[in-house]
Amino acid sequence: MNPTDMRQTPEGYFTTRWGLAEYTDWIDESMSWKDNCYIGDWSFLWQRRYKGPDVLKLFSDFSVNSFAKFDIDQSKHVTHTTRHGKVIAEGILTRLSEDEVRLFGRGTFWIDYQLKRGSYQVESIAEEGYNFQVAGPKAAAVMEKLVGDSIRDIKFMRNGECVIAGRTVIALRQGMSGEPGWELQGPAEDAKAVYDAVLEAGAEFGIRKLGGRAAFINHLEACFPTIVTDYLPAIFDEELKDYLAEFKAGLPAFASTFNIAGSFESDNVADWYRSPVELGWGKNIKFDHDFLGREALEAEVAQPRRLIRTLVWNADDVVDVYASLFRSGEPYHFMEMPRDQRGFMYADSVKIGEESVGVSTSRGYSYYFRQMLSLCAIDVEHAEIGTEVTVIWGEPGQAQKTVRATVAAAPYKTDNRRVDMHTV
């Protein structure tokens, strides 16, 4: 795959997977996980159940995670890599019983691909379901009103069963916004009744519907790197051409078309890949089992090259990008607010002087912090908090702006996901 061929606008409107782009407006919605709470719809995620005596061996062979301890009703953020240690997919895996799990995300295609080529006694079962996030400081109050105070007993990354609008619902204690929350899961036919009941219960607490424009700002503030937004899946290597063909055939265009933008340039598509270490998931890598990519990741964990950080962009330089639209001459490439919505992986070169030290992604405006932020895979030797860098803003061959930026912690927002719900 030639990266030059990937510099084109994707088909479709990227945010439509979350429903409307905005329900109130993106500023109001982006404040919901600080002031009150939101309900967001992640039902577009692919989901499958896997059942059989070899189910944990299957996932162990193709995940960096350990399954030496994986309780029933526990969930894990699982990451799948190529033999080179680059991320090919990731998602949430839940253990349903001794021999049954449920996986959300594009990883279902990778696991099915390996299942068909291996000798595993496992059945792959397609499901159609809903997946609603209810998160924010008042999420506990909303859920307690719906199902009672027992909802607060569910521990982080554990699942409990409850009843909403007369329907049985699985509640996963999670928090993609960096705030306490739950993912509510169940069969597709129950989706509307459950969604409407949450909205009704949340009205007195100021609940908001989360639209597509604001959805990724919580990923940015809370540092949840996302496929296509922060990395390309490592599926373009010659050795994976059969998988790439199956992947594209099995997914709609918005999920199987990969497009890049930004100032970062390379002749090798692999330079848009990332390892779990570079994405901040190194703590999940366990070497208590053999898995695809283990050898490469053992070397990287021992001596990492890059880490993930937040970059805080200089406000005056950002304002000058917008000011260029009101001056004669070629303007700088526009910065859509709060971030680009078209489905590109925006990757911008990060430098100290003339030295390239990293790649910036997820550029977005946080109204809460009143700052332009981005995530950055940055060289270890330049990853110290407070380091001054520059981001090159603008497409190759067009007017480019050097934007000053400061290295900050990732996540940038305080992580409140694991708070004791009984204290909220």
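Where is R102 found? R102 is found in strand β5, residues 100–104. Hi everyone, let me start there.

A quick word on the model. It is a predicted one, where local features need pLDDT of at least 70, side-chain atom pairs count only at pLDDT 80 or more, and totals for chains, interfaces and linings use all residues. Residues are numbered from 1 along each chain as its sequence is written, and side-chain values use heavy atoms, with hydrogens and water left out. Helices (H or I, at least four residues) and strands (E, at least two) are DSSP runs, numbered from the N terminus.

Back to R102. This arginine is buried, with a relative accessible area of 16%; buried means under 20%, exposed over 50%, and partly exposed in between, using a 1.4 Å probe and protein chains only. The side chains of R102 and E127 are joined by a polar contact of 2.7 Å. By polar contact I mean a pair of N or O atoms within 3.5 Å; within protein, one must be able to donate a hydrogen and the other to accept it, and residues adjacent in sequence count only if both atoms are side-chain atoms. Leaving aside residues up to four places away in sequence, R102 touches Q47, R48, R49, I92, L93, T94, L96 and E127, where contact means heavy atoms within 4.5 Å.

Now some backbone geometry. Which residue has a positive phi of about 75° although it is not a glycine? That is V228, which sits in the loop between α7 (212–222) and α8. V228 is buried, at 6% relative accessible area. S362, in strand β16 (residues 355–366), has a positive phi too, near 60°. At 10% relative accessibility, S362 also counts as buried.

There are cis peptide bonds to show you as well. One joins M337 and P338, with omega about -5°, and P338 is in the loop between α11 (315–323) and β14 (344–346). Another runs from A410 to P411, with omega near 10°; P411 lies in the segment after β19 (401–408).

Last stop, a helix pair. F109, W110, Y113, K116 and R117 in α4 meet D242, Y243, E246, F247 and G250 in α8. Those contact residues divide into five nonpolar, one polar and four charged; here Ala, Val, Leu, Ile, Met, Phe, Trp, Tyr, Cys and Pro count as nonpolar, Asp, Glu, Lys and Arg as charged, and the others, Gly among them, as polar.
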